Amino acid sequence: LLDGIYPFYPQKRRAAVFDTSTIIVVVVFLSLACSFLLITPGIRGRARLYWTLRVLLSLVVGAVLVVVQFTGDWETGWVTANTSYKSFSQVLVNVDVGLHVGLSGVNVTLTGNPVNQVNETINYNEHFAWSLDADYDHSYSEGLKRGLPSPILYVAEKFTAHSPCGVHRQYRISSHYASAMLWVAFCTWLMSNMLFSMPVLVYGGYMLLVTGAFAIFSLLSFSAVRSSPMCPIHFGAAVLLTNYGGSFWLTLAVGVLCLVAGLAVVALHHFSSELLKTFFDLREAKADEQQEMAQVYVNPHFVSKGL
């Protein structure tokens, strides 16, 4: 073994929930938020509070729409069971088996209780991709060649294209359309910010409604796969069951937030436009443009010459 790994079969590790892409997106949006907070002291009066609320909420929405593309906890499940560790072996181990379904694939985790059993360290996390540019069956075959533990292969086999469960195609297509709708929601979020800055407030509100609608559509696309019967994943008497994970509920919260904010902007535009302009810091600017000069100063030198 080389650092606990067979040197001829290097294992690719991938985080079950967070990966490098997620961290990069979070850092980018945190940098934007910190940059804005640095300039808030230059905003006067109540407008400072309104600007801070608008910008931070907008950045949260944009960050969530991008981050959930790379997370692996749209659907999660755990089970503790006594099961065989290797093929052709009667030795049983006590392990926690986890299943994490994301838009790009599925993660299967295996952790021993305790971690060190049968003279080995049982702590695995394997990713099997099913995006349109990936071959899930090839990833599964590579896992077989590397000799992954039986519980991981057993769970991963349920999602192969030739599995009797028949859920591979449903998950792959549903995840693909959910991802596409989230990217559309991100584009409409950018458009709403541009319309608010122009400012065309009511159309920015309409774009927020579209953003929330596409976020909800992505959830409907992903949840459609649960309408088909899922094969039970048994480990003896224990059954691995999955439920919607954090990314699913976070996307739902952002979608509802966009719908509520868009409805509020459209309603205020029709029933209380002055309040809406105050919140977007437009009322004072308009008043300054329409203000007439109270006094006029004339140079006496030009008046005396009839100029």
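This is a predicted model: local features need pLDDT of at least 70, side-chain atom pairs count only at pLDDT 80 or more; totals for chains, interfaces and linings use all residues.
Trainee: What makes the pair Cys 165 and Cys 231 a disulfide?

Mentor: The S to S distance between Cys 165 and Cys 231 is 2.2 Å, and since a disulfide is a pair of cysteine sulfur atoms within 2.5 Å, the pair qualifies; the structure holds 1 disulfide.

Trainee: Which parts of the chain does the pair link?

Mentor: The pair links distant parts, 66 residues apart, with Cys 165 in the loop between helix H4 (150–157) and helix H5 (168–197), and Cys 231 in the loop between helix H6 (201–223) and strand E5 (233–235).

Trainee: Why is the disulfide of Cys 165 and Cys 231 called left-handed?

Mentor: The torsion about its S-S bond is about -130°, so the disulfide is left-handed.

Trainee: How do you know whether Cys 165 is buried or exposed?

Mentor: Cys 165 has a relative accessibility of 13%, and because buried means under 20%, Cys 165 counts as buried.

Trainee: Why is Cys 231 called partly exposed?

Mentor: Its relative accessible area is 21%, which falls between the limits of 20% and 50%, so Cys 231 is partly exposed. Cys 187, with 45%, is likewise partly exposed, whereas Cys 258, with 2%, is buried.

Trainee: What makes strands E3 and E4 a pair?

Mentor: Pairing needs at least two bridges, and 9 bridges join strand E3 (residues 105–117) to strand E4 (residues 120–129), which run antiparallel. Thr 111 stands opposite Asn 123 in E4, and the two strands form a hairpin with 2 residues between them, where Val 118 in the turn has a positive phi of about 45°.

Notes
Residues are numbered from 1 along each chain as its sequence is written. Side-chain values use heavy atoms; hydrogens and water are left out. Helices (H or I, at least four residues) and strands (E, at least two) are DSSP runs, numbered from the N terminus. Buried means under 20% relative accessible area, exposed over 50%, partly exposed in between (1.4 Å probe, protein chains only).
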